[in-house]
Protein chains: 2
Amino acid sequence: MTKFGEMADRTGRDLFAEAGETAIEDAGIDRAEIDALYLGNFMGELSERQGHMGPLMAKMLGLDVPATRVESACASGGMAVRQGIHAIRAGSADVVLVGGVERMHNMGTTGATGGLSVAADDLWEIKHGITFPGAYALMAKRYFATHGGDREDLAEVAVKNHANASNNPLAQYQTEITVEKVLDAFPVADPLGLFDASPITDGAAAAILVSEGYAAEHDLDAPVAITGTGQGTDDLALQHRDSITWTPATADAAEEAYADAGIDADDIDFLEVHDCFTIAEVLALEGLGLYDEGEAIDAARKGETTADGELPVNLSGGLKAKGHPVGATGLAQISEMTKLFRGDHVNSDAVSDAEVGLTHNAGGTVASAVVHVLEVEQ
Amino acid sequence: MTKFGEMADRTGRDLFAEAGETAIEDAGIDRAEIDALYLGNFMGELSERQGHMGPLMAKMLGLDVPATRVESACASGGMAVRQGIHAIRAGSADVVLVGGVERMHNMGTTGATGGLSVAADDLWEIKHGITFPGAYALMAKRYFATHGGDREDLAEVAVKNHANASNNPLAQYQTEITVEKVLDAFPVADPLGLFDASPITDGAAAAILVSEGYAAEHDLDAPVAITGTGQGTDDLALQHRDSITWTPATADAAEEAYADAGIDADDIDFLEVHDCFTIAEVLALEGLGLYDEGEAIDAARKGETTADGELPVNLSGGLKAKGHPVGATGLAQISEMTKLFRGDHVNSDAVSDAEVGLTHNAGGTVASAVVHVLEVEQ
C-alpha cells in the first residue's frame, strides 16, 4: 500500500501505479505472468471525472490483460479481491493483480461526504438529507438504547486504533489520543464526534493473488493463503431493515467465508474490520460471530481487542487511524495483515504465533460486506 | 429486456426490477434458487446520484444474495455476464442473475455525452475537449485514409440496423431509414452524422445463468449455452495506441472466447456487435476475425451482413436502432440472441438453422471488450 493521507498533488492512476509496482516487486513475479486485473474504486467519476479505470490502471502497470473495475461503495476493494479469487478458481487466470484506489480530497463543492453519499439510497435517504455520519449516529443511538454502552465505550475503539497506528509509517495519523480527547472533540452527528469517524484519505493498495497450482510450482517468498471468501447483502436504506444494530450482510459473508475456509469464528487469532465509525467496529465483531449481540461494546471497554488483548482488532490502525481511501481499504487490510503475519509490521509481535486472520470490508451502512480468511502455517 | 427509449418517468431501479422479473419468469425458476447477482451500470452516480447498486437491485428483486456492480463503461453489462460465469465456474454459485441498467436522459447540464466522457482518459482526452463522437470520428477518418471506404459505406450499417429493428417492439427506433437520410443528417463530428451514432437510451436487461450441473438436473425450457467467454484491454486514450483502426481488446477477447468454446471464427452463424457508431461495427467485425483488416467496410457495402446476407450482424437492430442504455447493452445482446435462437424474435427466420452466435460488447473506444459465444443444438 501507499502512504495514506492527504495528497493533493497525486492522481488516482499515480497512486495505483505505486501500489501495483510495490505488489509486483514484493511478490517477486514477472509482470508478464499476470493474467488479469481487478480494481476496486468507488467514486472516481466524481473525484477525478474518471470511470472505466480497469484498462487505465492495467496499462499504467504495463499490463495487457482483462481488467475490470468493481464498485461496492467502501467495500469495493474487498469485492475486487473476491472477483480475483473467482477468476482463479474459474480457471480464467493463474495470477491476478487485485487493487484499489481512491482520491477523496478533490471533491469540489459536495466535499467527500457528498460524494460518499451515493453509496446510500438516493430516494429513501440522500434526498432527505442523511449522509453516513448521520446514518451511523442513528445506529449508535439505537445500539445504546438496545444494548447499553455509551460514548466513552466507543471512544476506546478510537483510542485503541490510534495506538495501533502510532508507529505505522503508512498510516494517515501516527498520533495517540485519549478518551478525553475523543469525548471533547466537536460533534459530527450525535452521539458521534470527530474522533469517532474515519478520516478523508487518498491512497491505493494492491496484492498479487496466485492459484494453488502456481504456488506449488514456484518458490514464493512468504506467501499467505486466502482460504475463504464470503459476501453478504442487506437493504441499502436503514429504514427497510428489521434492525439497524445487527448487520446480516456481515453475518452472511462470515458464514460463507468460514465454511469456505473450513474454520469457526473461534479459530480466528486477529482481524482487520471495517471501522469507518467507532460503532461500526462494534457491529462488525458481533456480525462476525466473535461476540454475542450487545457484547462487543463491553469488549471495547475491557480492552479485549487491543494489541495485547486476547483478540487483537485493527492492528494496522484500522480505517480510523490508518485512513480510509474507500476503494483501497479492502486491499489495505490484506496488505497490512500480510505484513503482520510475516513479521514485517511494527505490530507483528502482537500476533507472532497467529495462524488465522480475517479481513472484513463493508459498504454503506453495511448493505455490502465481504470477508476473507487468511492463513499461514507457523 | 425492457422496452428501450426515453423514459423520463422511470428510475434505474424500476427499470432493472422489470428486466429482472422478466428474466426470472422466463427462466421458470424460483427466485430462492438464485445464489448471486452481478450488475452492469456505467454512470448511476452521475445520472441518479446512485452508486452501490448491487445490494439495491438485489433487494428490489427480493434477493438476499451477494450482489456486485461491475463498471467497464459501455461494456459494463457484458463484464457482469463474465463475472457471473466466473462465480459459477468458481463454485460460488449455481444460479446467478446478471443484469444491466442505465438512465441517460436525466444527466443535467453535462448531458449524456458529458457523462459518457468519463469512460475516456480524463488527463489525455477529456481535458482537451474530445468526447466519444469526436474520438470515433477520428477512427473513421483514419480508417478511410488507410483502408478506403466513405460515409456512404458506413451509412449502409445504419440502414441495415434500422431495417432489423423495424419490427422489434422493444427497439427505441422502429423506423427504416435510407442511405440518403443518413448522408443528409446533420454532422455530429466529421465524418460522422447523426445517423452514424447510437442514441441516448434508458433501459435494462437481465438474464439467468445456471451451472451445467443445474441445467442437467432441471428441465429447463429452451436454454442457450454460453460456451465461451473472453475479455480484452487496450489503452484508454487513442493517442497511446499504435493504431486507431485496429482494436486489440476485441481481438484478444475473441481469441480467448473462441478457445474457451472450442470454436473458430468461421463457426459463427450470426452475431450482435457493439455498433455505438457505424464505424464501430466495421472495426468489430475485423477485430473478431470475421473479416480481414480493411475489408469489413466492403462487407457493409455489399450487404453481406444484412438479415438475408451470409453473416447476419445485429439482427436486434444493434445499439444504433435498438438503443444503447450503456450498462444494459451487453445483457440486451444476450437477451436478443436468446430470442433469435429460440424462434421468439421477429428476425428469427433469418437464423433458423443457426447453432453458434456471438455477442461483442465494448467500452470507450474499445479500451475494454468482452465476447461471449452462445450455442444451441438444432
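Which residue of β9(A) does A:Leu271 stand opposite? A:Leu271 stands opposite A:Leu358 in β9(A). The model is predicted. This briefing covers a sheet in chain A, a span named in a record, and a helix in chain B.

**The sheet in chain A**
- Four strands form an open sheet in the order β7-β10-β9-β8 (chain A), and their pairing is mixed.
- At the edges are β7 (225-233) and β8 (270-272) of chain A, each of which pairs on one side only.
- On average, neighbouring strands of this sheet are turned by 15 degrees against each other, direction ignored.
- Helix α10 (residues 248-261) of chain A packs on the sheet and touches β7, β9 and β10 (368-375) of chain A.
- The direction of this helix makes about 150 degrees with that of β7(A).
- β8(A) pairs with strand β9 (residues 356-363) of chain A in the parallel sense, over 3 bridges.

**The span named in the record**
- An unreviewed UniProt entry lists residues 230-375 of chain A as "domain: Thiolase C-terminal".
- In residues 230-375 of chain A, the end C-alpha atoms lie 15 Å apart.
- This span is 34% helix and 16% strand.

**A helix in chain B**
- Helix α11 (residues 278-287) of chain B is largely enclosed by the rest of the structure, because 10 of its 10 residues are buried.
- Buried here means under 20% relative accessible area.
- Among the buried residues of α11(B) are B:Thr278, B:Glu281, B:Leu285, B:Glu286 and B:Gly287.
- B:Gly289 follows α11(B) and has a positive phi, near 80 degrees.

Conventions. Residues numbered from 1 in each chain as written. Chains lettered and ligands numbered in written order. Predicted model: local features only at pLDDT ≥ 70, side-chain atom pairs only at ≥ 80, totals over all residues. Heavy atoms only, no water. Pairing = 2+ DSSP bridges. Helix = DSSP H or I, 4+ residues; strand = E, 2+ residues; numbered from the N terminus. Axes fitted to C-alpha atoms, helices over the stretch in contact; angles between N-to-C directions. Contact = heavy atoms within 4.5 Å. UniProt positions renumbered as here; feature names shortened; annotations may be inferred. Buried < 20%, exposed > 50% of the residue type's maximum accessible area, 1.4 Å probe, protein only.
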